[in-house]
Amino acid sequence: MKQYVVDAFTDKVFHGNPAAVCLLDAWPEDELMLSIARENNLSETAFCVPEGDAWGLRWFTPGGEIDLCGHATLGTAYVLFRFVVPEAERLSFATKSGTLVVTRRDDLLEMDFPAYDLRPVPVTPEMRAVLGAEPKEAYLGRDLLCVFDDPETVRKMTPDFRAMTKLEGLLVNVTAPGEPENGFDCVSRSFAPKLAVDEDPVCGSGHCHIVPYWVRRLGKDSITAYQASRRGGTLYCRQAGDRITLAGKAVLYSTAELSVDL
């Protein structure tokens with residue numbers, strides 16, 4: 001089995017979010033895909049199989065399969081565009097979140113993703129205790145989204161990951177206004193201890209919560225978002241109705257041949 005590791009939402013190795021991408025002719029057993037994800041010990045391992053004119057795509061964290069992942073989709077598209085279908089300008093993926101399309105636009109790869117509906121929820125003492133700071137607002141979609149006023153609060157946050165597993169939502173995304181001098185509309189971080197990933201370095205699906213919030217608050221349909229993890233990453237985002245375009249760059253870190261029996 002051929003496997004690539006791609007750093008997504010960056011143009012520099014050792015930045016962005018690393019995703020493993022496995023290309024196959026047919027689906028292996030779920031338990032094998034989970035074992036590979038655990039062996040890789042990255043936030044996501046993507047498995048991709050040709051399905052007619054499209055590609056089947058599934059994503060596994062070390063803690064199990066997930067229904068939507070941005071950086072591993074970006075990484076998979078990068079691998080296919082570079083090594084498999086270099087003449088293509090557009091790829092369609094069949095996933096648990098429906099059909100996802102990735103398009104080449106100059107040096108960016110644009111992903112068409114669903115936007116999550118955000119339901120306001122009360123800020124609780126448990127949120128403050130877990131995050132070490134009190135959010136100004138909180139919302140729930142698939143994930144919990146906590147909003148702060150100061151980007152430094154987000155950057156310096158040291159959550160209690162064990163206690164975080166008791167909060168609502170699959171992931172916990174924290175966000176604050178951006179720094180205009182750096183060209184960012186918002187800064188954010190994403191935590192996923194329920195999936196055995198304390199911090200996701202750059203989270204595409206998390207931005208399917210983050211972008212709708214900032215689009216509404218800022219009154220603009222396009223924003224530039226910075227994920228303020230240790231590795232860091234930049235996303236160029238646009239919302240149209242219930243869909244979000246997440247665009248970014250990617251760079252190849254490694255290629256390998258996995259010695260596993262399918």
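The lining of the largest cavity divides into eight nonpolar, three polar and three charged residues. Here Ala, Val, Leu, Ile, Met, Phe, Trp, Tyr, Cys and Pro count as nonpolar, Asp, Glu, Lys and Arg as charged, and the others, Gly among them, as polar. This is a predicted model, in which local features need pLDDT of at least 70 and side-chain atom pairs count only at pLDDT 80 or more, while totals for chains, interfaces and linings use all residues. Residues are numbered from 1 along each chain as its sequence is written, and side-chain values use heavy atoms, with hydrogens and water left out.

**Cavities**

- The whole structure holds two cavities of 30 Å³ or more (a cavity is a set of points on a 1 Å grid over the protein atoms alone where a 1.4 Å probe fits but cannot get out, and lining residues have an atom within 4 Å of a point).
- The largest cavity has about 90 Å³ of space, a volume being the space filled by probe spheres set on the grid points, which are joined across faces, edges and corners.
- Of the 14 residues lining the largest cavity, Glu44, Ile66, Leu171, Leu195 and Asp200 are the closest to its centre.
- The second largest cavity has a volume of about 40 Å³, and its lining residues include Met164, Phe191 and Lys194.

**Helix H6**

- Helix H6 covers residues 204-218 and reaches 20 Å from its first C-alpha to its last, close to the 21 Å expected at 1.5 Å a residue (helices are DSSP runs of H or I with at least four residues, and strands are E runs of at least two, numbered from the N terminus; the expected span is 1.5 Å times one less than the number of residues).
- Of the 15 residues of H6, 12 are buried, so the helix is largely enclosed by the rest of the structure (buried means under 20% relative accessible area, exposed over 50%, and partly exposed in between, with a 1.4 Å probe and protein chains only).
- Among the buried residues of H6 are His207, His209 and Trp214.

**Salt bridges**

- There are 16 salt bridges in the whole structure (a side-chain nitrogen of Lys or Arg within 4 Å of a carboxyl oxygen of Asp or Glu).
- Asp143 and Arg142 pair at 2.8 Å, N to O; Asp143 is buried at 0% relative accessibility, and Arg142 is buried at 13%.
- Arg155 forms a salt bridge with Glu179, their closest N and O atoms being 2.8 Å apart.
- That pair links distant parts of the chain, 24 residues apart: Arg155 sits in helix H4, and Glu179 in the loop between strands E12 and E13.

Technical notes: 1 Å grid on protein atoms, 1.4 Å probe; cavity = no way out; pocket = protein on both sides within 12 Å on 5 of 7 lines; lining within 4 Å.
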